[in-house]
Amino acid sequence: MHPIFLTIMKRLGLSVLTLFIVSVIIFSTVEFLPGDFGQAILGQAALPDTVAAFRRELGLDLPLHVRYFDWMGGVLTGDLGTSFSGRGTQGLDNSRPVIDLIAPRLSNTLFLASFTALIAIPLSLFLGITTALYRNSIYDRTVNTITLTTISFPEFFVAYLLVLIFASFYKVFPSLANISPDMPLGELIYRSALPALTLTLVIVAHMMRMTRAAIINLLANPYIEMAEFKGLSRVRIILHHALPNAWAPIVNVIAMNLAYLVVGVVIVEVVFVYPGIGQLMIDAVTARDIPVIQGCVMFFAVTYILLNLFADIISIITNPRLLHPR
Amino acid sequence: MNNNSTKQKNGILLEMQNIHIDGYSDDQWHRIVKGVDITLRRGEVLGLIGESGAGKSTLGLAAMGFVRAGCKLVKGSIRFDGTDLNTISEREKRALCGSRITYVAQSAAASFNPSHRLIEQTVETTVRQGLRSENVAKTDALRLFQDLQLPEPGIIGQRYPHQVSGGQLQRVMTAMAMSPKPDLIIFDEPTTALDVTTQVDVLASIRQIVDQYHTAAIYITHDLAVVAQMADFIKVLRYGETVEDAETRKMLKTPEKDYTKSLWAVRSIEKEEKQSDDIILKIDGVDAAYKGKTKVLKNVSIVVPRGCTVAIVGESGSGKSTAARVITGLLEPMKGQVLFNGEPLPLILKGRSKEQLRRIQMIYQSADTAMNPRHPVRDILGRPLEFYLGLSGAKRDRRLLELLELIELDESFVDRLPSELSGGQKQRICIARALAANPELIICDEVTSALDQIVQKGILQLLLRLQADLGISYLFITHDIATVRAIADQVVVMFQGCVVEQGMKSEILNPPYPSYTQLLLSSVPEMDPDWLSDLLEERSAL
Amino acid sequence: MMSTDNRSTAAEVSQIKARRSLMENMLRGLRQAPPTALFGMAVIFLYLMIAIFAPLIAPYGESEVFPDAYAPWGEKFLLGTDQLGRDIHTRLIYGARNTIGIAIATTVLSFLIGGSLGLLAAINHSGWLDQLLSRIVDAIMAIPSLVFALMLLAVFGTNAFNLIIIIAVIDATRVFRLTRAVALNIVVMDYVEVAKLRGEKMGWIMRKEILPNITPPLVAEFGLRFCFVFLTIAGLSFLGVGIQPPTADWGSMVRENAGLIQFAEYDITAALTPLLPACAIALLAVAVNFVVDWFLHKTSGLRDEQ
């Protein structure tokens, strides 16, 4: 078997293992809920019968592993359980399945994330590569100081700064990004401009700094110096000698930052009241709506693991040592 | 062949005058090269020799008009074939470098781009600079591979760098340097990273190809015996200045400066052979392997007589350092035993008592990594005194000074950190640390190979004196035959994890030899300009 | 065979470094520090002073409530009051104490956990303990830290104690990774082998041989982790699940006053009120980053010239 195939299989196996452990961690958090939790959720007025039924529904009377496989089976078939909220104190049940809560918001969040990524990735690669090539120039130092400053800003600071300028002073964009799926694309972009801009500013700083470091690291290789001694032009050195070896580090930087982006949306969605999964999660946390939280965390973790898997596979298939084994 | 070059055979090709180069380190500029002149005619080979810090690499790059990052050319003119390299533009310099002046680096494995086939990299400059068409260049490259005696010259170009061995890669790099048919090649320590038996082949093919194409070359190395085979002229450098300049044979026969003579200092020590029947250490039938890997030691038995020095020689991968790890207990053997003073030692480190540990001490190749950079000499030497002998306070300090005296250093060193010591001083402190335990046996793992010749000599003499005074036994691991001659009583030759032979130095180093010992000993360059030619003749006759 | 010639220019320059005392080194370092680093150090110093002497500087009590809510900037209330009528100026000063204090406590705890486990894992390299710890850390790191923190806070409940423990545990995974990696570079050094051969105990080797050599990178990491922890806590408080009222804290102050931004047209000072605590957070993070950046540049010994 080709070693690349083997390596990729190993990497896939590792991802599945990680996913398994992550799901166990997420699931078992329920175990740590305080004893009077049912009462707390259903309210002080809840009848003891209702509380007992609720506990039974959560399966708190069954052994842990049985409940885990039950839950996991549900997750795999798209059933994330039922939300805690909306349960009546007197046994009336208006609660909704978690999947129905998450699904519509998922597409909103993915829209915002891809909108941002489309601007941020090309921009930061450009900045990262040019600053690496013109190291220690005025341009490099300026960009460096600016990005070092921006990575220190909390997302909500950037967000409110933008709101102050572009929504309060000059009413260019709306300060609330209340979108709905039936809006035309132009409207969607207009309304989510400020959240996307906030995320872009935060992410570009990180991504650009990492790209710069990766390129500088690459250029320190002796074969780059050799290419200089061979009298090759700068363009040739970059395109022919550096780039083929640069895919792995660059893709890694992109994956790391996309993962960061997915998390960054939580705060930005709250600031702009954007109807995404982050907002949903915060509401669930405040209400201690555990099934919804588990669903959201599962989504974030899967995205994170998939992005890293993707980056590693790119690194594997562009590695000449694996491509051309001895 | 380049007609132009044969026509003006005796014209001056490279003229460097009064070169001064500064380097930046520790927050300030230091002068690395201080006013060196080089004149090189077409077809000539100049050997640049010197120890670390002599500025030879920096000078080699300057011949191409380059200075490394962190260095600057302060003063001096560099004229290549009538062109002043200081005044031409970057573009013109690029056209010159890589086509008329080329470079061969020390580490071939790192200097080839892992992503491209060797043949593409070999002809890259030739094709990119439009010197020849791709087809012609590749045909030329195949001939070069053949001339350099690479195995399967037709196929090797299709391989990637990591698919080819170090010695072969070094030859491919020479082919890459030859491909544009340059007037001048800079060889920067091209064989330093290779084993001696591989080095011979690479040296032979480099010399042959330089002769055949009549290319001028600057050959940079720290090994005088190597440069003697390659160069018409030799320039000795020290601290960035020229020490001596002469034609090769003249330099070897009648060196004018003492410093030049010190370049083969180790070869001037010769130890009287000593015999003893009292065995201090015996390892018996040892097999060993690193976790799950193939065996690196196969049925190895070695005997060390008391008060004597046994040298283990072999190339990288021969298992000589592994043998040391088994003796010290760092690696548990799969089979066999280690006897110390006739008693079996526990095979793992944890099983050994403090007293057992005290009697066997070890000194490492690199004193830099063998001393904690954050501990001053006082702690480095003081800890074993405290740990093994329970000395403290004034007693400890007194012993500390005695130890320093033993290694010929004074009390001013007590509070220094390793970074405040020179290479030789560091190794002396490591010796003192071993002595602090009052050991019976010291294992020396390549203790001199990272040092300059004259410093090596000092260390070896110190070790000999300590043996005479204190009766310590040494197990001396080395790849250098000159060192063996200088220090050993007995010699063990190892090859691929097996002991080829063990015996008295006079037996092993004199004929008749088993075939591997023969190959190893004959591959060690000698201070004779004809050595390589004679050897090749001899080998081809077989 | 070994390469016996170090070709680096540093080696060709000087072999013996001159001895300098700690004090000299510090002064020398300060003199050569770039303006950004000096700025950073000044800001950090100022913040620490404010945090320590908060009760002396603040005009009112931390949660003293006045009858006039949303008072504008003026003489009585320098920066106005919030929705409950508490003095913003006072709460900003106390916020320094609470926010920074909790962030430092969390970072220290995270280093205690992550650092010691990382060291253990490095010494036990590829043994069962290392394998186990590394797998657990991998899994925890596969859940984005802010999201994980949110989940745990929902389960355990939001209070300062839980906040510190949860963030410290999550952040300890990063510290673990770094400590392990840095210590692994040291563990393979010959001088550690020398100590093992001498028969030294594990504890001694960790304390005397390894710890002094991994300190500089860990100090820099402490700065970075502090920044990260500080921003995470501010973020959580902003989301309403971090530091809880009535404790004055910058993150929640931003949230509580955020609505004022829309009045920018009528009263710019009102719109700036929620930005002040946000700005306080940003400024400290910038300052720490500037200092760490300089420190890393200095200790790595890497100067990217050209």
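**Entry 1: chain B overall**

I am working from a predicted model. I began with the secondary structure of chain B and found 23 helices and 20 strands. Next I looked up the radius of gyration, which is 26 Å for chain B. The globule rule gives 24 Å for 542 residues, so chain B is as compact as a globular protein of that length. I also noted the span of the C-alpha trace along its principal axes: about 75 × 50 × 45 Å.

I then checked burial and contacts. In chain B, 58% of the 542 residues count as buried. I took the contacts with a separation of 6 or more and asked what share joins residues 24 or more positions apart. That share is 70% in chain B.

**Entry 2: surface and charge of chain B**

For charge, I counted 64 positive and 68 negative in chain B. Their mean positions lie 4 Å apart.

**Entry 3: A:G128**

I moved to chain A and picked A:G128. This residue sits in helix α5 of chain A, which covers residues 98-133. Is A:G128 buried or exposed? Its relative accessibility is 0%, so I logged A:G128 as buried. Setting aside neighbours within four places in sequence, I found A:G128 in contact with A:M208, A:T211 and A:R212.

**Entry 4: B:K93**

B:K93 lies in helix α3, residues 90-96. Its relative accessible area is 15%, below the 20% cut-off, so B:K93 counts as buried. Leaving out residues up to four places away in sequence, B:K93 touches B:M64, B:G65, B:L85 and B:I88.

**Entry 5**

I followed the pairing from strand to strand. Strand β11 (residues 279-289) runs antiparallel to strand β14 (residues 335-340), and five bridges join them. Here B:L281 stands opposite B:F340 of β14(B).

I then asked which residue in β15(B) is the bridge partner of B:F340. It is B:E343. Strand β15 covers residues 343-344 and is antiparallel to β14(B), with two bridges between them. I logged β14(B) and β15(B) as a hairpin with two residues between the strands. In that turn, B:N341 has a positive phi of about 50°.

How values were computed
Residues numbered from 1 in each chain as written. Chains lettered and ligands numbered in written order. Predicted model: local features only at pLDDT ≥ 70, side-chain atom pairs only at ≥ 80, totals over all residues. Heavy atoms only, no water. Helix = DSSP H or I, 4+ residues; strand = E, 2+ residues; numbered from the N terminus. Rg over C-alpha atoms; globule rule 2.2 N^0.38 Å. Buried < 20%, exposed > 50% of the residue type's maximum accessible area, 1.4 Å probe, protein only. Contact = heavy atoms within 4.5 Å. Lys, Arg positive; Asp, Glu negative; His and termini not counted. Charge placed at Lys NZ, Arg CZ, Asp CG, Glu CD. Pairing = 2+ DSSP bridges.
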